[in-house]
Amino acid sequence: MNTPLKLTDRKRQAIVEAAIAEFRVSGFESTSMDKIAATAGVSKRTVYNHFPSKDELFAQILHELWNSSMAQEQQPYDPAVPVREQLLALLWKKMAMLQDSYFLDLARVAIAESIHSPERAQEMVTRLTRKEEEAVAWLRAAQADGKLTKADPVLAPQMLTGQLKTFAFWPQVTLNQPPLDAAMQKKVVEATVDMFLAYAG
């Protein structure tokens, strides 16, 4: 009973990975289900059994991107732990996600298509905006505890993660640069936290 299910799951994942590869090369509109089936090594009928349309396949890619993001759980503010230590832990989790090759592939596809057809990615943008509200809650708690008194709780999360993405996301997504090595990751994370603390107080 389990073997067919596992095979089905493998085929489904192969289809998603093939779609990511083809969308990256040709874009959403120019990629056919025939091409996705050939790249995945499955029949066109198998592709349609899993995904009745290209739109549903693209929605699955966005869903997996969201799951990758959600895997990085936001830790609540802890007044017993130094702020710098908490920020370092937060950014190391973010760094791990941003440097994951599968996440980067998903992000390339989602970002490229959102430029051409923003409505396709609107739900994802809304979800990610809600996720950023968790960081706002953390900052407000730190401010209420007398820490980070100069930080704007709306701008600060974007400033914090934006600095990280300058080195550990956008060059990889837009210029296809390799992920940062361990030494560079450490340098970027620590410099980002220290610069943020110098601003936030």
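Author: Let's begin with arginine 108: beyond its neighbours within four places in sequence, arginine 108 is in contact with Arg24, Gln172, Val173 and Asn176. Keep in mind that this is a predicted model.

Reader: Fine. Where is arginine 108 found?

Author: Arginine 108 sits in helix α6, which covers residues 101–116.

Reader: Why is arginine 108 called buried?

Author: Its relative accessible area is 13%, and buried means under 20%. So arginine 108 counts as buried.

Reader: What makes the meeting of arginine 108 and aspartate 105 a salt bridge?

Author: The N to O distance between the two side chains is 2.8 Å, and the rule asks for a side-chain nitrogen of Lys or Arg within 4 Å of a carboxyl oxygen of Asp or Glu. The side chains of arginine 108 and aspartate 105 also make a polar contact at 2.8 Å, where the cut-off is 3.5 Å. Side chains of opposite charge can pair when their charged atoms come close.

Reader: How are arginine 108 and aspartate 105 placed in helix α6?

Author: They are three residues apart, about one turn of the helix. In general, an α-helix has 3.6 residues a turn, so residues three or four places apart point the same way.

Reader: And aspartate 105, buried or partly exposed?

Author: Partly exposed: aspartate 105 has 22% relative accessibility, and that label runs between 20% and 50%.

Reader: How many salt bridges does the rule give?

Author: Six salt bridges. One of them joins lysine 44 and aspartate 34, at 3.3 Å from N to O. That pair links distant parts of the chain, with lysine 44 in helix α3 (residues 44–50) and aspartate 34 in helix α2 (residues 33–40), ten residues apart. Lysine 44, at 37% relative accessibility, is partly exposed, and aspartate 34, at 44%, is partly exposed too.

Reader: What makes aspartate 145 and lysine 147 a salt bridge?

Author: Their side chains meet at 3.3 Å, N to O, and the limit is 4 Å. Aspartate 145 has a relative accessible area of 31%, so the label is partly exposed; lysine 147, with 35%, gets that label as well. As for networks, salt bridges that share partners join Arg24, Asp105 and Arg108 into one.

Reader: On to the rings. How many aromatic pairs are there?

Author: Seven aromatic pairs.

Reader: Why is the pair of phenylalanine 103 and phenylalanine 169 called tilted?

Author: The ring centres are 6.3 Å apart, and rings pair if their centres lie within 6.5 Å. The planes are at 50°; under 30 degrees would be stacked and over 60 edge-to-face, so this one is tilted.

Reader: What does that pair tie together?

Author: Parts that are 66 residues apart in sequence, because phenylalanine 103 lies in helix α6 and phenylalanine 169 in the loop between α8 and α9. Both phenylalanine 103 and phenylalanine 169 are buried.

Reader: What makes the pair of phenylalanine 169 and tryptophan 170 edge-to-face?

Author: The planes are 70° apart, with the centres 4.9 Å from each other, and edge-to-face needs over 60 degrees. Phenylalanine 169 is buried at 6%, whereas tryptophan 170 is partly exposed at 38%. Elsewhere, ring pairs link Phe23, Phe28 and Phe58 into a cluster.

Reader: Now helix α10. How do you know that its buried residues line one face?

Author: Start with the list: Gln185, Val188, Val189, Thr192, Val193, Phe196 and Ala200 are the buried residues of α10. Seen down the helix axis, they fall within an arc of 120°, so they line one face. The face turned away from that buried side carries the exposed residues Ala183, Lys187, Met195 and Ala198.

Reader: What comes after α10?

Author: Glycine 201, with a positive phi near 90°.

How values were computed:
Residues are numbered from 1 along each chain as its sequence is written. This is a predicted model: local features need pLDDT of at least 70, side-chain atom pairs count only at pLDDT 80 or more; totals for chains, interfaces and linings use all residues. Side-chain values use heavy atoms; hydrogens and water are left out. Buried means under 20% relative accessible area, exposed over 50%, partly exposed in between (1.4 Å probe, protein chains only). Helices (H or I, at least four residues) and strands (E, at least two) are DSSP runs, numbered from the N terminus. The arc is that of the directions from the helix axis to the C-beta atoms. A polar contact is a pair of N or O atoms within 3.5 Å; within protein, one must be able to donate a hydrogen and the other to accept it, and residues adjacent in sequence count only if both atoms are side-chain atoms. Contact means heavy atoms within 4.5 Å. Rings of Phe, Tyr and Trp (its six-membered ring) pair if their centres lie within 6.5 Å; planes under 30 degrees apart count as stacked, over 60 as edge-to-face and the rest as tilted.
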